[in-house]
Amino acid sequence: MLSSRYARIALFGAAVVLVQVATQLGGKPFFLTQLTMSAYYTLVAVGLSLLMGYAGQISLGHAAFFAIGGYASGYLTTFDLSPLREEGLVALLGRAGLLVDRADLYGGQTLAVHPWAAFAVAIVLSLAIAWAIGVPVLKLKGHYLAMATLGFGTIVYSVVLGTARFGAADGLSSVPPFPLVAGLAVSGARADRVSNYYVAWGLVALGLMLLVNLVESRVGRALRAIHGAEDAAGSMGVDVARFKLKTFVLSAVLAAVGGSFLTHFNGGIGPGEAAVMKSVRYVAIVAVGGMGSLWGTVATSVALNFLSLRGYFGTLDDAVFGVVLLVVMLTSPDGILRLDPRVPVKALLARLRKPNRPEEAP
Amino acid sequence: MALLEVSGLSKRFGGLQAVGNVSFKVEKGTVKALIGPNGAGKTTLFHLLSGVLAPDAGTVAFNGRSIHGLPAHRVAALGLSRTFQHIRLFSQMTALENVKVGCHVQSRAGFLAGMFHLPWTWTEEREIARRARAELDFLGIAALADAEATSLSYGQQRSVELARALAAGPELLLLDEPAAGLNMRETVELSKLIGRIKDRGVTVLIVEHDMGLVMNVSDEVAVLSYGEKIADADPRAVQKDPEVIRVYLGEDDA
């Protein structure tokens with residue numbers, strides 16, 4: 001069990017390297033940009049996969065957490081604090097090394113929150129919001145839970161769209177790179193394309209490793225028990241409400257990490273990231289990948305997001321997600337990785353072999 | 001002090017008094033049975049004791065500690081474990097995994113420990129696996145460890161459920177109609193098993209329809225009728241109680 005756990009992660013790492021080499025050899029290095037973006041969306045999808053497949057909860061508001069992470073990072077790293085340089089709190093933050101001086105596009109000096117500090121705020125903020133809305137909302141089940149999270153997503157979308165400070169419909173721009181360690185930054189610069197591809201997919205690999213560990217642990221077992229028979233899980237001592245809440249918060253934080261990193265990578269974020277259609281898309285990806293199938297979710301997420309970002313679906317973008325969801329639900333409701341191609345083929349053969357049914361008497 | 005002391009417990013569903021002012025005790029180390037005709041309120045009483053339902057009135061003290069109104073997982077953590085009248089196994093999990101969930105209250109790895117696969121959790125997981133296998137062995141179904149639990153036969157599923165309840169290391173085990181759906185041979189096995197559970201020092205409270213089993217395994221029998229207790233004594237005395245006979249066999253109006 002242990003070896004297969006890490007073998008899969010290693011296999012995943014090999015695939016990541018293989019894809020990079022292939023884009024290089026195939027003369028399509030620019031594909032890496034969309035693959036990098038797909039990685040950050042994949043973080044949302046794997047967290048949601050845990051929530052839907054293991055805790056058995058649906059969320060139609062995960063784009064909101066992605067946006068909360070992105071907007072927190074984007075806003076804090078672009079908000080100019082230099083006029084307040086000498087003010088008490090700002091001076092204090094500056095002395096603590098949490099602020100950073102930067103030259104803006106026009107050569108002026110600006111002072112803003114350091115990306116690491118902004119990232120920390122993004123995480124804490126998404127955690128706190130997920131906790132606060134999770135407590136009342138997770139008491140609901142099925143359709144009601146979906147509706148409540150949908151409502152939450154709509155609120156966040158309206159807020160970012162309607163707030164002038166957040167750039168309203170234009171969103172935030174000029175978000176600086178995120179220096180992770182010396183010589184390695186999350187940025188959209190062409191020179192950093194390869195390193196950013198590895199940063200993004202390394203982050204996904206790390207997230208996957210944590211989630212795979214979790215799934216194989218006492219907590220993962222308890223989550224599957226909740227999914228299997230909630231009342232019995234409670235009678236075995238599993239604090240059902242608390243485990244659901246923690247899973248919800250964990251998936252929200254993963255979404256916020258993706259949002260924060262993608263905002264630095266793209267140099268900005270727009271309200272579209274919080275749109276309800278985005279949340280629906282994440283749910284569709286998880287459903288197609290197979291609820292609770294982390295690897296199926298990764299495969300689906302990278303394939304669909306990459307094709308979508310490259311613009312292959314054109315104006316039919318959302319329609320394609322809908323059709324894929326529909327087809328997978330009809331042919332393999334447990335997700336593509338659990339699709340047994342023999343089943344539909346056998347059913348078809350059986351139907352062909354069966355002699356024509358006699359006409360029914362009127 | 002009795003292990004479990006129930007006094008004045010009541011529960012009403014709309015116009016139906018499912019449990020009305022019921023009081024009884026379960027002494028440590030004994031097997032006590034709750035019997036009564038269908039609809040007498042036995043299962044509701046179990047739900048009240050295990051925290052699945054909250055009572056309207058009355059108190060439940062377990063080990064001298066008040067537990068009425070506590071949620072099910074808290075009651076379980078205090079050492080009260082149960083099985084269900086309609087088997088409630090975790091689907092898409094093996095028999096062994098089902099029993100491992102029973103060890104939940106005896107272990108503590110949380111989200112962070114699990115995500116980072118901390119070394120101390122390895123020891124804990126090994127201990128959980130050992131305990132779970134030991135319980136499957138105790139029930140004589142060690143060979144079924146890796147079978148999907150819900151695909152097993154009815155009797156085997158009952159055994160898995162029992163193993164799961166025992167894995168929690170309970171002081172008090174509530175068995176809700178454990179003989180339902182079992183054939184005669186399996187029922188005989190069950191009565192031996194309840195004896196072995198008692199020998200482990202586990203106190204047992206059992207709801208059961210099978211009178212042969214009840215009279216065979218119980219130290220004390222309480223009889224419920226229409227939500228109220230009408231008798232509470234040793235099996236012999238209960239069998240002779242005229243009120244019990246009336247409830248079970250009807251009025252002698254010949």
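Visitor: In strand 2 of chain B, which residue is the bridge partner of Leu9(B)?

Guide: The partner is Val22(B). Before we go on, note that this is a predicted model: local features need pLDDT of at least 70, side-chain atom pairs count only at pLDDT 80 or more, and totals for chains, interfaces and linings use all residues. Residues are numbered from 1 along each chain as its sequence is written, while chains are lettered from A and ligands numbered from 1 in the order in which they are written.

Visitor: How many bridges join strand 1 of chain B to strand 2 of chain B?

Guide: Strands (E, at least two residues) and helices (H or I, at least four) are DSSP runs, numbered from the N terminus, and two strands pair if DSSP finds at least two bridges between them. Here seven bridges link strand 1 (residues 4-13) with strand 2 (residues 16-26) of chain B, in antiparallel fashion. Two residues lie between the strands of this hairpin, and Gly14(B) has a positive phi near 60 degrees there.

Visitor: What does strand 4 of chain B contribute?

Guide: Strand 4 (residues 57-62) of chain B runs antiparallel to strand 1 of chain B and is joined to it by five bridges. To find this pairing by eye, look for Glu5(B), which stands opposite Ala61(B) of strand 4.

Visitor: In what order do the four strands of this open sheet of chain B stand?

Guide: Read across the sheet, the order is 2-1-4-5, with antiparallel pairing. Strand 2 and strand 5 (65-66) of chain B are the edges, each pairing on one side only. Helix 1 (residues 42-50) of chain B lies across strand 1, strand 2 and strand 4 of chain B, at about 65 degrees to strand 2. For such angles, axes are lines fitted to C-alpha atoms, for helices over the stretch in contact, and the values run from 0 to 180 degrees between N-to-C directions.

Visitor: What is the pairing in the open sheet of six strands in chain B?

Guide: That sheet has the order 6-7-8-3-9-10, and its pairing is mixed. Its edge strands are strand 6 (80-82) and strand 10 (228-233) of chain B, each pairing on one side only. On average, neighbouring strands are turned by 20 degrees against each other, direction ignored. A parallel example is strand 6 with strand 7 (residues 172-176) of chain B, over three bridges, where Arg82(B) stands opposite Leu174(B). Helix 10 (residues 242-249) of chain B packs on this sheet, touching strand 9 (220-225) and strand 10 of chain B, and its direction makes about 125 degrees with that of strand 10.

Visitor: At what angle do helix 5 and helix 6 of chain B cross?

Guide: The axes of helix 5 (residues 119-138) and helix 6 (residues 154-167) of chain B cross at roughly 135 degrees and come within 9 Å. That makes the two helices oblique: angles under 35 degrees count as roughly parallel, over 145 as roughly antiparallel, 65 to 115 as roughly perpendicular and the rest as oblique. In helix 5, Arg131(B), Ala132(B), Glu135(B), Leu136(B) and Phe138(B) meet Ala163(B), Leu166(B) and Ala167(B) of helix 6; contact requires C-beta atoms, placed from the backbone, to lie within 7 Å. By class, this contact has six nonpolar, no polar and two charged residues. Ala, Val, Leu, Ile, Met, Phe, Trp, Tyr, Cys and Pro count as nonpolar, Asp, Glu, Lys and Arg as charged, and the others, Gly among them, as polar.

Visitor: How do helix 3 and helix 10 of chain A cross?

Guide: The axes of helix 3 (residues 62-78) and helix 10 (residues 240-266) of chain A come within 7 Å and cross at roughly 45 degrees, which makes this pair oblique too. Residues of helix 3 in the contact include Phe65(A), Gly69(A) and Gly70(A), and those of helix 10 include Ala255(A), Gly258(A) and Gly259(A). The contact holds ten nonpolar, eleven polar and no charged residues.

Visitor: How many residues does each chain give to the contact between chain A and chain B?

Guide: Chain B gives 31 residues and chain A gives 25. Helix 2 (72-77), helix 3 (95-102) and helix 4 (111-115) of chain B each supply at least two residues of chain B's side. That side divides into 15 nonpolar, eleven polar and five charged residues.

Visitor: What is the radius of gyration of chain A?

Guide: The radius, taken over C-alpha atoms, is judged against the globule rule of 2.2 Å times the number of residues to the power 0.38. Chain A has 14 helices and four strands. Its radius is 23 Å, close to the 21 Å that the rule gives for 362 residues, so chain A is as compact as a globular protein of that length.

Terms used: Two residues are in contact if their C-beta atoms, placed from the backbone, lie within 7 Å.
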